[in-house]
Amino acid sequence: MNPRAVPQNVIEAQLRAADPEESVWVGANAGSGKTYVLALRVIKLLLRGTDPAKILCITFTKAAAANMAMRVFSELAKWTAYDDATLDAAITRIGEKPGPSVRAKARRLFATALETPGGLKVQTIHAFCTRLLHQFPFEADVAARFGVLDDATQHEIVEGLILDTMLQGASNPATPLGEAFSIAIVAAADQTLHDVIRAAIGERDSIENWVTAAGSIENAIAQLSAALGLDPAETIADVKAELFSAAIILESEWAATMAAFGEGSANDKKQMARLAAVKQAALHDRFDAYVRLFCTEKLTRRDSVMTDKLAKKYPELAARLVQEQDRVCALLQKNNAVECRDRSKALVTIAHEVIARYRTEKNRRGLLDYDDLIDRTLNLFRKTSAAWVLYKLDLGIDHILIDEAQDTSPKQWEIVETLVSEFTAGAGARETKRTLFVVGDDKQSIFSFQGAAPEKFDEMRSSFTLAFKAAQQELHAVKLQTSFRSGEIVLGAVNDVFRSRDVSISLTTDQVGIPLHDALPDAAPGEVEIWPLVLPDQKAALEGWDAPFDTRSETSTTVRLARKIAQNVELWRSKGAKPGDVLVLVRQRGALFEAIIRALKETRIPVAGADRLVLTEHIAVMDLIALADALLLPQDDLALAGVLKSPLFGFSEEDLYAIAYDRGERTLRQSLRDKAGEKPKFKTAVARIDDLTI
């Protein structure tokens, strides 16, 4: 945007944040130019003679680091080609005073930054930790030539270890691991179990610390039992046995109770049917059936077990039923607590085993994952014997810039605190004024990203402010509220929604509330429409023959919303808008994302399409894989597969897979003979297959 179109107060706020002589904590709304300010600060530092090697810029994604570095180098590259007048204007625009010596230095900055040993340090926190640990491997107790485990490889290793652990548990059902899997598999489906185990591995520090502090998994679960108010030896069977052994309404009274219910209203008769179902249920199903008498389908307490009118007729029975309801609801809570403890024990047992194997595998390969990088760096900083490492780092860093600070985890903040600690240690041998620049916005935090703790943004601001004040320095607070992205209408709607403290507290820890989002005075006009929610249709009962199992219903809310969006775009197009004028933003690339693209194409509206795709799920790739399978299959095997799938034998794809799986150098015919004993169908086929000429 033309700088003259930006209000002077906005320019002044950006220049104040970019002042290389001051430490600054910047709270920046979305689109307010925080990356621009960070890059501007780096350029101003370089222009004032700071050695590029003494500047450390930390961000939290590789893309953000690349974008930041590109902005710096792009601007410096332009300066090398500017004439004197244009360069003076550029220097003046960033708040510096031009002159012959300044121009000469400005034109050299691009080459200086490029020629700096190790380059300008614009990197992720993990890249910083990697470089540090490679410099001091012995002090950090890591392999000298360790590799960094990327997400894809980590996922592959963990999935393999989970499978190996599951197979071991299934093969040894009497072991703690086998018992854990027998509980876990009943509690969750296969994929859900994988997801839960992976989530537990993501919390491996908490699990390992808990088990280590307790001394064993058994002791840890005993602590959990105590917290839930349970005896460690108490089991689900004990709770279910107690349901009937201590019953207030005895089984011998059920017939009379059902008769009483039968004299009441329709609701009472439903209770009679529920009690009859208890009487008819098998012993192992009686617990659930009896609970339904006193609790709803959602296992919440029924408002009444017997209607008021019937209760007046049988007051003693009604009172006893209320007492029984109290007892059953309490037992249900106890049953839930036991299930929670047992499932937690199963998960911790499995996760603890997988974590141990994962650690062993990493050590064997000489690998560190992203969490290890942070942990090993912190351990290095905490060692008194590694104080000289901090001293060496202290000599090498004069200015620290932290981008996207709202996504910093507590451990990452501890690393930053350690790096900055010498900045506030008071006067020393170093005469250079050393600065801290932090920019972020807790409203924009990706809450699950690398353990992000958005509440720490405001907490750390207060902590650093006190530290700088104790050192007779100042950490200036600057707010960037003007958006370069959105117009007054859109930002006004945002301000209206979050004006209430009851709403804003859901997004920010700032007690003042969310700062206003200001628009540039010449921002484009806009309009905010609030559409009513798209509600699902009434579900019609479908016969099994008619029910689709692999397609999304055409009347689903996702499809209907996508069509509504397409119709709206078509309406705009009829009024003169071009398809390229429309940008549809979604939260994630999911079902709605795909449905919108499909709806736009069906409406014949040109659309850019998906910016990402799962390669193996694309129809063209699937066709090529199928072709490759056919070409790689020996011709006689291909012919035999066709015969086996014919009505003569009626083999399914699953049957063929079972035969061909792990076949190695054997032919399909030989593999079928090897598996003849597994299914009668296989045995029959072997008996007849030799009579066929293929």
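User: What volume does the largest pocket have?
Analyst: About 2200 Å³. Bear in mind that this is a predicted model.

User: How many residues line the largest pocket, and which lie nearest its centre?
Analyst: The lining has 39 residues. Those nearest the centre are Val490, Leu583, Val584, Leu585 and Val586.

User: Which elements give two or more residues to that lining?
Analyst: Three helices are listed: α23 (488-497), α25 (557-574) and α26 (591-602).

User: And the largest share, where does that come from?
Analyst: From α25, which supplies 5 residues.

User: What is the lining of the largest pocket like by class?
Analyst: It has 23 nonpolar residues, with 8 polar and 8 charged.

User: Switching to helix packing. How do α14 and α15 cross?
Analyst: Helix α14 covers residues 254-262 and helix α15 covers 266-280. Their axes come within 7 Å, and the crossing angle is roughly 155°. Angles over 145 degrees count as roughly antiparallel, so α14 is roughly antiparallel to α15.

User: Left-handed or right-handed crossing?
Analyst: Left-handed, for α14 and α15.

User: Which residues meet there?
Analyst: On the α14 side they are Trp254, Thr257, Met258, Phe261 and Gly262. In α15 their partners are Asp268, Lys269, Gln271, Met272, Leu275, Ala276, Val278 and Lys279.

User: How many of the residues in the contact of α14 with α15 are nonpolar, polar and charged?
Analyst: The contact has 7 nonpolar residues, 3 polar ones and 3 charged ones.

How values were computed
Residues are numbered from 1 along each chain as its sequence is written. This is a predicted model: local features need pLDDT of at least 70, side-chain atom pairs count only at pLDDT 80 or more; totals for chains, interfaces and linings use all residues. Side-chain values use heavy atoms; hydrogens and water are left out. Axes are lines fitted to C-alpha atoms, for helices over the stretch in contact, and angles run from 0 to 180 degrees between N-to-C directions. Helices (H or I, at least four residues) and strands (E, at least two) are DSSP runs, numbered from the N terminus. Angles under 35 degrees count as roughly parallel, over 145 as roughly antiparallel, 65 to 115 as roughly perpendicular and the rest as oblique. A crossing is left-handed if the near helix is turned anticlockwise from the far one by less than a right angle, and right-handed if clockwise. Contact means heavy atoms within 4.5 Å. Ala, Val, Leu, Ile, Met, Phe, Trp, Tyr, Cys and Pro count as nonpolar, Asp, Glu, Lys and Arg as charged, and the others, Gly among them, as polar. On a 1 Å grid over the protein atoms alone, a cavity is a set of points where a 1.4 Å probe fits but cannot get out, and a pocket is an open set with protein on both sides within 12 Å along at least five of seven lines; lining residues have an atom within 4 Å of a point. Grid points are joined across faces, edges and corners, and a volume is the space filled by probe spheres set on the points.
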